[in-house]
Amino acid sequence: MLTLVEQKAKRSASFPQVLMETLSALGAQCRWAACNIYSTQNEVAAALAEGGFSVFAWKGESEDDFWWCIDRCVNVEGWQPNMVHILVDACT
């Protein structure tokens, strides 16, 4: 049986986008850094950024860019992550 988030993701652009929107609607403060430098969906990253999410990812980023994005995502003054979610099937 699919969860509500999975059902919504099947009808929309991206599971990470739906997950972040859902968690945000439940009160979470979400930020996104891509875990796969080769498959980041720029249109999803743009949609999340337009929706007010902090996004640190773009398709084709170098390894140095990747680590810069991770650093900017989690090392922010006044913001403390309390959960890191990794979509394992999307990692390389």
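Modeller: What follows is a walk through the aromatic pairs, then their surroundings and the nonpolar core.

A word on the source: this is a predicted model, in which local features need pLDDT of at least 70 and side-chain atom pairs count only at pLDDT 80 or more, while totals for chains, interfaces and linings use all residues. Residues are numbered from 1 along each chain as its sequence is written, and side-chain values use heavy atoms, with hydrogens and water left out.

Searching the whole structure gives two aromatic pairs (rings of Phe, Tyr and Trp, the last by its six-membered ring, with centres within 6.5 Å; planes under 30 degrees apart are stacked, over 60 edge-to-face, the rest tilted). W58 and W68 make a tilted pair, because their ring centres are 6.4 Å apart and their planes meet at 55 degrees. W58 sits in the loop between β2 and α4 and W68 in helix α4, so this pair ties together parts ten residues apart in sequence (helices, H or I of at least four residues, and strands, E of at least two, are DSSP runs numbered from the N terminus). W58 counts as partly exposed because its relative accessibility is 33%, and W68 is also partly exposed, at 39% (buried is under 20% relative accessible area, exposed over 50%, partly exposed in between, with a 1.4 Å probe and protein chains only).

The other pair, F66 with W67, is edge-to-face, at 4.8 Å from centre to centre and 80 degrees between the planes. Here F66 is buried, at 14% relative accessibility, whereas W67 is exposed, at 51%.

Back in the loop between β2 (54–56) and α4 (63–74) you will also find E61. With a relative accessibility of 2%, E61 is buried, and its side chain reaches the backbone nitrogen of W58 at 3.0 Å.

Now for charges: there is one salt bridge (a side-chain nitrogen of Lys or Arg within 4 Å of a carboxyl oxygen of Asp or Glu). R72 forms it with D71, the closest N and O atoms being 2.8 Å apart. Both residues are partly exposed, R72 at 36% and D71 at 30%.

Lastly, the largest nonpolar core has seven residues, among them W32 and F53 (a core is a set of buried Ala, Val, Leu, Ile, Met, Phe, Trp, Tyr and Cys residues joined through side-chain atoms within 4.5 Å). Helix α3 (residues 42–50) contributes the most to this core, with three residues.

Terms used: A polar contact is a pair of N or O atoms within 3.5 Å; within protein, one must be able to donate a hydrogen and the other to accept it, and residues adjacent in sequence count only if both atoms are side-chain atoms.
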